[in-house]
Amino acid sequence: DGYDASCAVRLLSRELARRRNSRFMSIPNDLHLSSAPDTSARRWLGSLALLLLVAATFGRVAMHEFVNLDDDQLISANTNFLPPTWHGLAAHWREPSEHLYIPVIYTAWWLIAHLALLPPVAGSSGYTLNPWVFHTANLLVHAITVLLVRHLLRTILRNDSAAVVGAMLFAVHPLQVEAIAWASGMKDLLSATFCLAALAMM
């Protein structure tokens with residue numbers, strides 16, 4: 001999917017290491033990308049533009065429902081989230097669930113479930129989860145990932161305008177739609193976020 005970027009991660013890590021080493025070496029002028037001096041205001045405006053782009057492109061997914069492709073088994077009908085309890089969370093760390101051992105993402109869903117939990121109403125069978133909260137969480141994680149992409153591109157290119165353009169392309173690329181619009185796609189989104197955050201700290 002759009003977040004399966006192992007090759008890109010290796011290339012980025014190599015480039016970041018090369019850039020870090022090159023700080024102490026003189027670089028010919030023709031290798032520099034011309035750029036206007038970065039200012040705090042310009043960086044904030046660039047970040048704001050990226051966040052608005054993400055919201056305008058994918059904001060409608062926040063009002064989607066769960067789908068019957070994994071969402072029901074992993075989230076909406078998961079008894080460990082109805083309601084979320086410490087015992088239920090521990091169960092996901094002890095053993096696989098639905099043939100998946102992904103305790104970190106289950107922990108994230110467990111935390112989100114506290115905000116999404118809807119009390120039983122007359123005629124219902126018990127607690128339910130508000131899908132809007134889970135979709136909004138996906139959108140927020142994607143927005144954070146987009147900002148990380150901008151940071152890494154700025155580090156590599158040394159040109160903030162080019163970094164913003166590259167992050168915009170990443171933000172709205174059609175390959176991102178499944179992971180963002182599918183509540184269960186949080187596992188792919190978080191994988192990318194953690195990976196890029198690790199690279200950003202190098």
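The following dialogue goes through a predicted model of a protein chain and the terms applied to it.

Student: What is the secondary structure of the protein chain?
Tutor: The chain has nine helices and two strands. Along the sequence they follow the pattern α-α-α-α-α-β-β-α-α-α-α. Of the 202 residues, 37% count as buried.

Student: Why is serine 97 called buried?
Tutor: Its relative accessibility is 16%. Buried means under 20%, so serine 97 at 16% counts as buried.

Student: Where does serine 97 lie, and which residues is serine 97 in contact with, leaving aside its neighbours within four places in sequence?
Tutor: Serine 97 lies in the loop between helix H4 (86–94) and helix H5 (103–116). With those neighbours set aside, serine 97 is in contact with His92 and Tyr106.

Student: What makes the pair of serine 97 and tyrosine 106 a polar contact?
Tutor: The two side chains make the contact at 3.5 Å. The cut-off for a pair of N or O atoms is within 3.5 Å, and one atom must be able to donate a hydrogen and the other to accept it. The pair is listed as a polar contact on that basis.

Student: Why is proline 119 called exposed?
Tutor: Proline 119 has a relative accessible area of 53%. Exposed means over 50%, so proline 119 at 53% is exposed. Proline 119 is found in the loop between strand E1 (117–118) and strand E2 (128–129). From C-alpha to C-alpha, proline 119 and leucine 129 are 8.8 Å apart in space, and they are ten residues apart in sequence.

Student: How do you know what span to expect for helix H7, residues 160–172?
Tutor: Helix H7 has 13 residues.

Student: Which residues of H7 are buried, and what puts them on the same side?
Tutor: The buried residues of H7 are Asp160, Ala163, Val164, Ala167 and Ala171. They cover an arc of only 100° around the axis, so they fall on the same side of H7. Their cover includes helix H2 (40–58) and helix H6 (131–157).

Student: What is found at the start of H7?
Tutor: There, a side-chain oxygen of asparagine 159 comes to within 3.1 Å of the backbone nitrogen of serine 161.

Methods:
Residues are numbered from 1 along each chain as its sequence is written. This is a predicted model: local features need pLDDT of at least 70, side-chain atom pairs count only at pLDDT 80 or more; totals for chains, interfaces and linings use all residues. Side-chain values use heavy atoms; hydrogens and water are left out. Helices (H or I, at least four residues) and strands (E, at least two) are DSSP runs, numbered from the N terminus. Buried means under 20% relative accessible area, exposed over 50%, partly exposed in between (1.4 Å probe, protein chains only). Contact means heavy atoms within 4.5 Å. The expected span of a helix is 1.5 Å times one less than its number of residues. The arc is that of the directions from the helix axis to the C-beta atoms.
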